[in-house]
Amino acid sequence: MYPSRFRYEAPRSLDEAITLLREGGDDAKVLAGGQSLVPLMKLRFASPELIVDINNLPGLDYHREDPDGTLHVGALCRHVDLERSELLKSKQPTMAAAAPLIADPIVRNRGTLVGSLCHADPQGDWASVALALGGSIVAHGPGGRRTIKVADFVTGPFQNVLEPDEIAVEAIIPAARGARAGGYLKLERRVGDFATVGVAVAIETSGDTVTRAGIALTGVGGSTIGATAAAEALVGEPLTEQKIELAAQLAADVSRPRTDHRGSAEYKRHIVHTFVVRLLSRADGFAERAA
Amino acid sequence: MTIVYDDEPDADEIPVRRIRFTINGAKKVAEVEPRLLLAHLIRQGLKLTGTHTGCDTTNCGACTVLVDGKPVKSCTMLAVQVDGHEITTVEGLATASELHPLQEGFKEEHGLQCGFCTPGMMLAAKALLDHNPDPTEEDVRWALSGNLCRCTGYQNIVKSVLWAAEKLRS
Ligand SMILES: Cc1cc2nc3c(=O)[nH]c(=O)nc-3n(C[C@H](O)[C@H](O)[C@H](O)COP(=O)(O)OP(=O)(O)OC[C@H]3O[C@@H](n4cnc5c(N)ncnc54)[C@H](O)[C@@H]3O)c2cc1C
Ligand code: FES
Ligand code: FES
């Protein structure tokens with residue numbers, strides 16, 4: 001298999017990349033890690049006329065923390081960089097838990113977190129993690145930059161709010177206001193498979209009290225699901241067994257799984273419940289992963 | 001080195017790009033159409049048929065090669081993207097007189113049956129050993145988890161890599 005014919009450009013500056021995208025309009029596509037786009041092009045599900053490869057753009061492979069704790073992940077920061085990151089290990093338990101569970105080690109060498117968010121696959125793991133953490137995306141276009149909340153970024157399966165001449169230059173994860181805990185659990189049939197069920201939990205506590213909570217679900221609906229009611233039920237109170245059970249129930253209720261080759265809807269809903277309980281029961285700076 | 005395209009009505013407009021890269025230590029220049037995949041450049045353009053294509057859908061890892069030392073699935077990277085980069089394929093492991101310890105390991109520990117997955121396995125393993133010379137069995141399994149084998153059941157592949165690690169350390 002090979003893609004249909006396209007023009008290829010590998011600009012060396014962001015301005016040049018934007019100009020190219022502007023010329024290409026709807027027929028142009030950004031190429032980042034290529035781990036979703038190239039397979040789609042080979043299957044001819046995507047047939048862009050112009051590919052703007054951003055891999056030669058300088059200075060986008062970072063992930064770093066501001067003094068206030070805000071995390072920035074550049075458009076060319078690969079999954080593997082996050083998997084090996086000491087910064088995430090010490091400061092971002094939900095992200096550190098998810099990074100090694102994205103695809104397989106070889107795909108992780110090329111694929112990017114920002115590309116994954118842009119791809120907006122309802123099965124994508126980073127989307128849930130970023131949603132649970134209240135993240136945003138910074139888009140750079142001809143008129144400058146704008147910041148879009150992850151919750152407002154995706155408009156449907158494989159669709160986002162970016163204009164054709166905008167490039168997502170980084171993802172931002174806001175600083176924790178309290179002590180951060182969380183994790184990501186993913187049930188998968190084998191390494192490299194998409195999630196049968198994935199659950200991201202991110203909470204912040206001050207003393208015994210939960211000050212902020214985010215819960216998001218992967219693979220149990222036509223899009224990434226923010227379990228807002230479940231998360232809100234936790235805020236302002238200590239994490240008791242009853243609270244955990246309530247949040248797990250609310251999260252399972254908001255899931256919309258379908259029976260398929262990965263399991264029955266009932267089974268998947270049960271797993272959502274189990275994962276929320278497991279993640280919250282270990283809210284002592286835990287970073288649990290895999291199932 | 002030539003890549004032959006089908007003579008289509010728009011053949012004169014095929015956008016061809018000239019790229020420079022190093023493969024197994026040799027410097028090359030190639031003229032490639034942007035949609036040419038790295039796997040095709042290697043197998044058809046360079047006639048290095050040790051790199052296999054199995055699934056062609058980014059799942060199996062049979063097509064794994066190293067680009068700047070990192071394993072990538074060559075069926076899922078455009079050939080134009082290796083412009084200025086360094087590729088290692090399985091043909092680059094042995095020297096004229098000696099097998100690479102990984103190749104010896106696969107021989108000693110019966111790490112292959114049909115051999116289809118083997119080049120990809122060895123390159124993924126090479127990247128692991130370059131970065132972690134003393135891996136645990138778990139490290140090896142983790143590093144090879146993107147490479148599928150339909151024959152061996154993996155046990156002997158893991159042993160082969162551990163054998164090579166020990167040989168490389170001594
Ligand atoms: C075998 C396999 C298994 C996988 N398993 C998983 C999994 O378990 N979980 C998971 O979450 N993902 C999985 N993936 C997908 C993988 O994580 C991809 O890396 C990711 O979805 C896309 O990132 P990328 O950098 O490769 O983007 P690309 O493939 O380059 O691009 C994807 C899309 O996003 C757009 N895009 C990318 N970057 C930008 C940008 N900076 N600005 C604007 N638009 C942009 C592109 O135009 C394209 O439409 C898997 C992939 C494979 C091949
Ligand atoms: S042939 Fe490339 S991953 Fe299977
Ligand atoms: S030896 Fe046959 S696929 Fe691995």
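**Ligand 1: the shell**

Which elements of chain A each supply at least two residues of the shell around ligand 1? I looked up β2 (28-31), α7 (113-119) and β10 (167-173), and each of them does. Helices here are DSSP runs of H or I with at least four residues, strands are runs of E with at least two, and both are numbered from the N terminus.

I note the basis once: this is a predicted model, where local features need pLDDT of at least 70 and side-chain atom pairs count only at pLDDT 80 or more, while totals for chains, interfaces and linings use all residues. Residues are numbered from 1 along each chain as its sequence is written, chains are lettered from A and ligands numbered from 1 in the order in which they are written, and side-chain values use heavy atoms, with hydrogens and water left out.

I found 33 residues around ligand 1 (a heavy atom within 4 Å). A:V30, A:L37, A:T112, A:D125 and A:K186 come nearest. Residues of chains A and B surround the ligand, so the site is shared between chains. α7(A) gives the largest share of the shell, five residues.

I sorted the shell by class: 15 nonpolar, 14 polar and four charged. Nonpolar means Ala, Val, Leu, Ile, Met, Phe, Trp, Tyr, Cys and Pro; charged means Asp, Glu, Lys and Arg; the others, Gly among them, are polar.

I checked for polar contacts (pairs of N or O atoms within 3.5 Å). A backbone N or O atom of A:G34 sits 2.7 Å from a ligand oxygen. For A:L37, a backbone N or O atom is also 2.7 Å from a ligand oxygen. A:T112 uses a polar side-chain atom, 2.6 Å from an oxygen of ligand 1. The protein covers 94% of the 960 Å² of accessible area that the ligand has on its own (Shrake-Rupley method, 1.4 Å probe).

**Cavities**

I searched the whole structure and got two cavities of 30 Å³ or more. A cavity is a set of points, on a 1 Å grid over the protein atoms alone, where a 1.4 Å probe fits but cannot get out; lining residues have an atom within 4 Å of a point. Volume is the space filled by probe spheres set on the points, which are joined across faces, edges and corners.

The largest cavity has about 40 Å³. Its lining includes A:M95, A:W126, A:S136 and A:I172. α7, α8 (125-132) and β10 of chain A each supply at least two lining residues. I counted ten nonpolar, one polar and no charged.

The second largest cavity has about 30 Å³. A:L117, A:A127, A:I137, A:V150, A:F153 and A:V154 line this cavity. Its classes are six nonpolar, no polar and no charged.

Notes. A polar contact is a pair of N or O atoms within 3.5 Å; within protein, one must be able to donate a hydrogen and the other to accept it, and residues adjacent in sequence count only if both atoms are side-chain atoms. On a 1 Å grid over the protein atoms alone, a cavity is a set of points where a 1.4 Å probe fits but cannot get out, and a pocket is an open set with protein on both sides within 12 Å along at least five of seven lines; lining residues have an atom within 4 Å of a point.
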